[in-house]
Amino acid sequence: IEVSDITTHRNHILEELKKAYNFNIIKENQEIDVVKLSTIDKGNKLSKYRATGRSHNSIINVTDTHFIYKNVTIAGIIKSLNESGDLEKTIVTDIEDTTRYDLIIPKTGIKKLKEYLENTYGLRLIETIQEIEVLELEFD
């Protein structure tokens, strides 16, 4: 299936839902404060924490003081951190690494987290603004 076919199919389904449930979608762009995760040393520090083994099972353990990740991708780590609600800002990234890692990340504020990630894993958090599309449903 090609991407254009999926988009066409998705749009058709959305139009049918709008008719069936009498609603309109209002799209609005908003700017939000985010923290962007990037690598600063070409992954040299991070590579030391590459998961060993061939399993595709990930384990995420959350304690009162840490997030403990076993065999988890960068995307999985970011998703977990964002869903935890422990951080003041949303983390985003353009890292397209599917490598799995074993990491331990302390539950701290953004300032201490920035320092820890940079010193331990060679990852940088940069505070920035990102534009997102917000969808609002308006029922008739």
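Glu 15 counts as partly exposed, at 39% relative accessibility. Here buried means under 20% relative accessible area, exposed means over 50%, and partly exposed is in between, with a 1.4 Å probe and protein chains only. This is a predicted model, in which local features need pLDDT of at least 70 and side-chain atom pairs count only at pLDDT 80 or more, while totals for chains, interfaces and linings use all residues. Residues are numbered from 1 along each chain as its sequence is written, and side-chain values use heavy atoms, with hydrogens and water left out.

**Salt bridges**

Glu 15 forms a salt bridge with Lys 18. The term stands for a side-chain nitrogen of Lys or Arg within 4 Å of a carboxyl oxygen of Asp or Glu. Both residues lie in helix H1 (residues 3-21), three residues apart, which is about one turn of the helix. Helices (H or I, at least four residues) and strands (E, at least two) are DSSP runs, numbered from the N terminus.

Lys 19 and Glu 16 form another salt bridge. They are separated by about one helical turn because they are three residues apart in helix H1. Lys 19 is exposed, with a relative accessible area of 58%, whereas Glu 16 is partly exposed at 38%.

Glu 127 and Lys 89 also meet in a salt bridge. This pair links distant parts of the chain: Glu 127 is in strand E6 (residues 123-139), Lys 89 is in the loop between H3 and E4, and the two are 38 residues apart. Glu 127 is partly exposed, with a relative accessible area of 41%, and Lys 89 is partly exposed at 24%.

| Salt bridge | Closest N and O atoms |
|---|---|
| Lys 18 and Glu 15 | 3.3 Å |
| Lys 19 and Glu 16 | 3.7 Å |

Three strands form an open sheet in the order E2-E3-E5, with antiparallel pairing. Its edge strands are E2 (59-62) and E5 (101-106), each of which pairs on one side only. Two strands pair if DSSP finds at least two bridges between them. On average, neighbouring strands of this sheet are turned by 5 degrees against each other, direction ignored. Axes are lines fitted to C-alpha atoms, for helices over the stretch in contact, and angles run from 0 to 180 degrees between N-to-C directions.

E2 pairs with strand E3 (residues 66-72) over four bridges, and a hairpin of three residues joins E2 to E3. Ile 60 stands opposite Tyr 69 in E3, and Val 62 has Phe 67 in E3 as its bridge partner. On the E5 side, E3 pairs over five bridges, with Phe 67 opposite Ile 105.

Asn 71 is also found in strand E3. Asn 71 is buried, with a relative accessible area of 9%. Leaving aside its neighbours within four places in sequence, its contacts (heavy atoms within 4.5 Å) include Ala 51, His 56, Arg 100 and Tyr 101.

**Helix H3**

Helix H3 (residues 74-84) packs on the sheet, touching E2, E3 and E5, and its direction makes about 150 degrees with that of E3. Which residues of H3 are buried? They are Ile 74, Ile 77, Ile 78, Ser 80 and Leu 81. These residues are on the same side of H3 because they cover an arc of only 160 degrees around the axis. The arc is that of the directions from the helix axis to the C-beta atoms. The buried residues of H3 pack against E1, helix H2 (44-47), E2, E3, strand E4 (90-93) and E5. The face turned away from the buried side carries the exposed residues Ala 75, Lys 79 and Glu 83. Just after H3, Gly 85 takes a positive phi of about 75 degrees.

Tyr 121 lies in helix H4 (residues 110-121) and is buried, with a relative accessible area of 2%. Beyond its neighbours within four places in sequence, Tyr 121 is in contact with residues including Lys 45, Tyr 49 and Ile 105.

Glu 28 lies in strand E1 (residues 23-39) and is partly exposed, with a relative accessible area of 41%. Glu 28 and Leu 135 are 107 residues apart in sequence and 6.5 Å apart in space, C-alpha to C-alpha.
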